[in-house]
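The sequence and structure are shown first.

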Amino acid sequence: MIIRDVNLETVCGVTSKLPDNTLPEFAFAGKSNVGKSSLINALMNRKSYARTSSQPGKTQTINFYNINNALYYVDLPGYGYAKVALEAKEKWGKMIERYLKRSEMLKMVFLLVDIRHEPSANDKLMYDWIIYNGYHPVIIATKLDKINRSQIQKHVKMIREGLEMEKGGIVIPFSAETKQGRDEIWNLIEANLGTGEEEA
Ligand SMILES: Nc1nc2c(ncn2[C@@H]2O[C@H](COP(=O)(O)OP(=O)(O)OP(=O)(O)O)[C@@H](O)[C@H]2O)c(=O)[nH]1
Ligand SMILES: [Mg+2]
């Protein structure tokens, strides 16, 4: 797909009503600072339309990016940011949960983990939670440019084992710097544009 238009259409805070969108949605989850907004920029062919930051906790709202009036990318707030008060964390957790449970147009959930590290307990919780809500998360192993090529397979295996992934689950190594992996993610999105949740 050629990206013609991108538009940050809806920004939801903790108390906002979630939109009743009629276009397919593709959501990006993962801990703070893992690279969700950077991936969304790469998938929009934009340098910095989605706000990114070296300070974790940048995206604190659920942001819906309308792409070509054909689909939405949904940038979810990052979890696991230690400096956010527990009460705020619970609110965000509830909001993400509400979104996963209620969105009728959500086709796929991408869960981002840092390719360099073993998945955290929160990553595992998020993975299980996505499955519990009826989705099969596609894992994106971010910051691929930060490890040696020779280490990729080993790290992918570490992620599969750490998350105790389902058989046949997909892991896509990705770098926002080199854009490696972007086409594979795009192909998955295009293949799932018209499917029901159960097939996503
Ligand atoms: N080298 C490298 N840096 C990356 C990559 N992806 C993201 N980063 C950097 O990691 C930092 C965080 O990226 P963001 O895209 O803002 O992360 P996020 O997941 O949206 O973070 P929150 O909004 O806080 O949840 C930024 O400094 C990015 O430049 C990557 O593939 N390679
Ligand atoms: Mg972000």
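A search of the whole structure finds 6 salt bridges, a salt bridge being a side-chain nitrogen of Lys or Arg within 4 Å of a carboxyl oxygen of Asp or Glu. The model is predicted, so local features need pLDDT of at least 70 and side-chain atom pairs count only at pLDDT 80 or more, while totals for chains, interfaces and linings use all residues. Residues are numbered from 1 along each chain as its sequence is written, chains are lettered from A and ligands numbered from 1 in the order in which they are written, and side-chain values use heavy atoms, with hydrogens and water left out.

| Asp5 | Arg4 | 4.0 Å |

Glu161 is exposed, with a relative accessibility of 52%. Glu161 and Lys157 lie 4 residues apart in helix 4 (residues 152–163), and are therefore separated by about one helical turn. Helices (H or I, at least four residues) and strands (E, at least two) are DSSP runs, numbered from the N terminus.

Helix 5 (residues 182–191) has a buried side made up of Arg182, Ile185, Trp186, Leu188 and Ile189. These residues lie on the same side of helix 5 because they cover an arc of only 160° around the axis, the arc being that of the directions from the helix axis to the C-beta atoms. The exposed residues Asp183 and Ala191 are carried on the face turned away from that buried side. Cover for the buried residues comes from elements including strand 2 (25–30), helix 1 (36–43), strand 4 (71–75), strand 5 (106–114), strand 6 (138–142) and strand 7 (171–173).

Lys124, in helix 3 (residues 121–132), is buried at a relative accessible area of 19%. Apart from neighbours within four places in sequence, Lys124 is in contact (heavy atoms within 4.5 Å) with Gly162, Leu163 and Glu164.

The largest nonpolar core has 35 residues, and Ile62, Tyr99 and Ile139 have the most contacts inside it. A nonpolar core is a set of buried Ala, Val, Leu, Ile, Met, Phe, Trp, Tyr and Cys residues joined through side-chain atoms within 4.5 Å. Strand 2, strand 3, strand 4, helix 2 (86–102), strand 5, helix 3, strand 6 and helix 4 each supply at least two residues of this core. Helix 2 gives the most, with 5 residues. With neighbours within four places in sequence left aside, the contacts of Ile62 include Val11, Val74, Met95 and Tyr99. A second, separate core of 26 residues includes Ile3, Leu39, Tyr73 and Leu188.

Tyr49 lies in the loop between helix 1 and strand 3 (62–67) and is partly exposed, at 34% relative accessible area.

Definitions and conventions:
Buried < 20%, exposed > 50% of the residue type's maximum accessible area, 1.4 Å probe, protein only.
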